[in-house]
Amino acid sequence: MSVKSLGALSSICSVNACSQMYPDARNSPSKGKAKQADAQSWHSHWWDFNPLADNLQRPVAWSSSSTIFTPHPSQPLILGRSFSSSKQFLVPSPDQILNNSAAYEPPNVITVSSNDHWLFAYFPGRESDGVGCLWQRGFSIDKWNIKSCWACERGAGVVNAVFVGAEREWVTCPDGSTTRLTQSGPLTPVSNPTLLTVTQAHQLNVYFLRTYGSGIKTLACSLVQPCIIVENMSQVANDPPRGPKTSRLCSAASFGFIFHESVFMVAMRSRRYPLSDTLRAASDTSHDLGLSLDMPVDNQLDERPPLLDWNSYEEEQMIELCEVKLRFDGLSMFVIAAPLSPIYHPGPCLTSFVFVSVPGSRPDTSTSPKASPAKDKQPQRGQLELPTAYLVASFLDFEEYASLPKSSIVAYSILKAVPPNGKIPWTTRLVGDRSLSPRILTVATPGSLSIATRKATVVVATTNPGGSLARGAAKPKEVPVGNLFALQLPDLSDDPDCDHPSILAPVNRTSSDCPLSMFPSPNKLLACAVSMQQTSVYTLPRAHITSGSKDTLHQSPLAQALTIALQSRRSTADISHILSLPNTPATMLHDTLFGTLTSYDVNTRLGSTNTFSMVDMMGAAVEIYRARARQTQNDDEKERYSMLSRNALNVCSVSACLTAFEDCKESEGYDLEPVWQLISLSTWVVAFLEDIMKECVFLADVADPTPNTSLNSNEVMPKEEPMDDNPFLRNWLASPIQQDTNESPHSVSLGAPILLHLVHPFALTNLRAVVFHVSSFHQYLASMTAKRENSQFARNTMLDLVSSSGLDLKVLEEILSTAIPEASAIPAEEVMTSFAEGHPVPAQHEQLKKIIRSLTTSSAIDKPRLFIKSSDLVDGFANLSASDRPVGDDPGIDVVTKERLLTQNPRLLCVRCGGRSQVGSEVMVAGRSSPRWKTWERMWAARCICGGSWVSGNI
């Protein structure tokens, strides 16, 4: 079954809102809308927001690999899309759903683990039990395998779920360094994954897979009464809720993980429903634990309940809280639940509630260096700590359902008494209460967190009661219908440092499609919102960006986000998306990369840990430049950013080739089992070196050494020489790849991106090292006497490759070695600038001219062989190797192994650089596999050489 037959997932194309429309799956009451009195304006009505009152759920999840998961609008399916590409896929459903899809609804709960390895969803049943399913991800982000699934009885469906055991969060400090926050939530040292679910029966289910275990285990406890459950302990099923007329079911739940605490909070909101024999609370677990569940059934439950009035169905006006401890004692896991005092609020309709955790401030040792934190900093008995978490809830009051609902939002601080006062360790206080009328708040999500100011925010989506439409013949397709605001905690006031992005909607549905759920992107720069009819992506409010000096670029929001994304090994697709927008200045690309380099340098000088490398940073640059090239409409800019992206990928390729040679290096030579794989890498390296040397020849051999004052400082003018008899040189000089777009047709720039490999210390060091290995590998094969036909072919191929290249690798390696100290002597700020801009800067031009002169005046380059190949002489000048396609830009070449792609084998596609690969296939040479090469290939099984994620190449 194809994805198209199920209805395509809405396209995500712009930063504010962009989507194809879902089929109308509205479940709100049928109401005839009044016609708009004024054709030039639009107005909302109360029934437009009725799905919020009905607690209609359309979940969405955004994984750390930048995959967006949404439910199908009408079928029990999960759709996945890799942002920001057109790659979409279908998550496989369990067999019981595929065999009877009409018996299940679209999933109302979707959650993904922080490491993007696990996915969970719950499919409610239509007049039947629901199904919960757990998936495990493969190497590519679109391959999900069902790990386990289980049935959930009616009245015990999953309301909310979350994975625990996430790594500590990285944050940036004002000086540019990075640090990790303290652990929030329970530690799970012996289980992966660990899934928490809250059910309609007010129960917490813990599903976990023990390390090296064979099956999913379950712990279940009540959240409305004290409960202790230990792993492998016999569990007794609780009695179902009883009552003469109604049954309480949990309708909404939220998890709160607090910094410095191993415990977590669960907040619940309940509704009263009619009680019948088809609506019963489930037992503590839906898994078969081998226990007898035969219990006497009350005959009263089989009797038809009397007719109920409207008030019997109302939502309870309180939020129940429960403190939960999930721990491991060295032998078993156990759960301790302790209900807290509920929060009473008269709001009749809860639309959303979320926990926002705030990291505690570090101890101030400057005031008392010799003070003991255990003695001097300990709070007194009964003293309350500073708020470490907030519970933010939004409400709608429909009154008599005659006018627009009134929207309000409240914030409660959650404080802990040290030491605990009696049996109540936590206290809640109302700290913020704000009315948003006439705007209507539809959904809220935790905002960004500042470690320096400890300022926490919550992002809310608000809809306007009405607005005007553009007059005239040229009407826009979308109009603003609301805004996203960042509210400061605890007073819920607007954050003055943040902007207010607009929410756009199609002109024909300005008032009928409010967001029902929203989930932030991995770096909290974008948000995916799902409504009844569409899926949209919006920019989240962020601090106003002001231009500053290079010393403060690390404090820019995008530079901080990129630094944290690289430290956390998260996708940078949302950052690249913002930098690719037409309204983003081109200088912002340089400022973001330079600020990240500054943080990297600060961490290195302070001795802090950098979990990412310069190659990882260049991989992010590949994505940024490539995204900018796709979005720009200017052909010159498109070519320039494409060149920058290709060269950044070449930096990653050189590093990958270097690690391959180092892994296959032996004491006396190289491992010859993967000889053909090493020859493929050598072929790519030699071709790349030829491109660099050709650039040097045109800058030194054709250039006049006498400076021309009419040119820019980074340009030289070619001599006027007769070139009619050499069409290759004539075409090469006119090639746009060798020129900057603002230069004359005969000028050659010292700022070409490929020349960065000759002046940047990191790129130059890697280039010299890989030249050394290719030269050593060539000499090693040349010194061997081939005894078998395969060895003879490999030896001859490598000898022909080097001899026809026009390069003396040994001399070339010596020249590059002498250039490294001089390149390292350039000021660090200029070196970082060249890395951020992707090409040599004027401060490096003298050093660049010197190394070009050394290369072109030595025996390292044989110019006739460099430019004219033997195949060109056979095929004629019409097939000269003056191709406009750069090295590494051939779609038929494996981006990792540099081999030709086999059409019969499945391919992987990198969502970052667009390269294809077949890594993971078995390598056999003379009947034996190469363990060294397989080890190197496994490095790229989950990620491309640029750091991007893989997707299947056939979607």
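Before the points, a definition: buried here means under 20% relative accessible area, exposed over 50% and partly exposed in between, with a 1.4 Å probe and protein chains only.

1. **Ground rules.** This is a predicted model, where local features need pLDDT of at least 70, side-chain atom pairs count only at pLDDT 80 or more, and totals for chains, interfaces and linings use all residues. Residues are numbered from 1 along each chain as its sequence is written, and side-chain values use heavy atoms, with hydrogens and water left out.

2. **Overall make-up.** I'd start with the tally: 19 helices and 41 strands in the protein chain. Both are DSSP runs numbered from the N terminus (helices H or I, at least four residues; strands E, at least two). Of the 955 residues, 54% are buried. Taking contacts (heavy atoms within 4.5 Å) between residues at least 6 apart in sequence, 67% join residues at least 24 apart. The accessible surface, from the Shrake-Rupley method with a 1.4 Å probe, is about 42200 Å², and carbon and sulfur atoms account for 51% of that.

3. **Strand β13.** Have a look at residues 191-199: 8 of the 9 residues of β13 are buried, so the strand is largely enclosed by the rest of the structure. Pairing here requires at least two DSSP bridges between two strands. β10 (residues 158-163) runs antiparallel to β13 and is joined to it by 5 bridges, with V162 opposite L196. β14 (residues 203-210) is also antiparallel to β13, through 6 bridges, and there T197 faces N205. β13 and β14 make a hairpin with 3 residues between them, and H202 in that turn has a positive phi of about 55°.

4. **Nonpolar cores.** A core here is a set of buried Ala, Val, Leu, Ile, Met, Phe, Trp, Tyr and Cys residues joined through side-chain atoms within 4.5 Å. The largest has 113 residues, and L758, F777, I851 and L855 touch the most other members. Helix α9 (residues 675-700) is the top contributor, giving 15 residues. Beyond its neighbours within four places in sequence, L758 contacts I692, C696, L764, L767, L816, L848, I851 and L855. A second, separate core of 25 residues includes V159, V198, V324 and V335.

5. Three strands form an open antiparallel sheet in the order β38-β37-β41. β38 (916-917) and β41 (950-952) are the edges, each pairing on one side only. β37 (residues 908-910) meets β41 over 3 bridges, and L909 sits opposite V951.

6. **Cysteines.** There are 0 disulfides in the structure, a disulfide being a pair of cysteine sulfur atoms within 2.5 Å. For C652, the closest cysteine sulfur is in C946 at 6.3 Å, too far for a bond. C652 is buried at 1% relative accessibility, and C528 is buried at 0%.

7. **Backbone spots to check.** S437 to P438 has omega near 10°, with P438 in the loop between β25 (424-435) and β26 (440-450). L489 to P490 has omega near 15°, and P490 is in the loop between β29 (478-488) and β30 (493-494). Then there are two lysines with positive phi. K524, about 55°, is in the loop between β32 (517-520) and β33 (526-530) and is partly exposed at 37% relative accessibility. K898, about 65°, is in the loop between α18 (870-875) and β37 and counts as buried at 9%.
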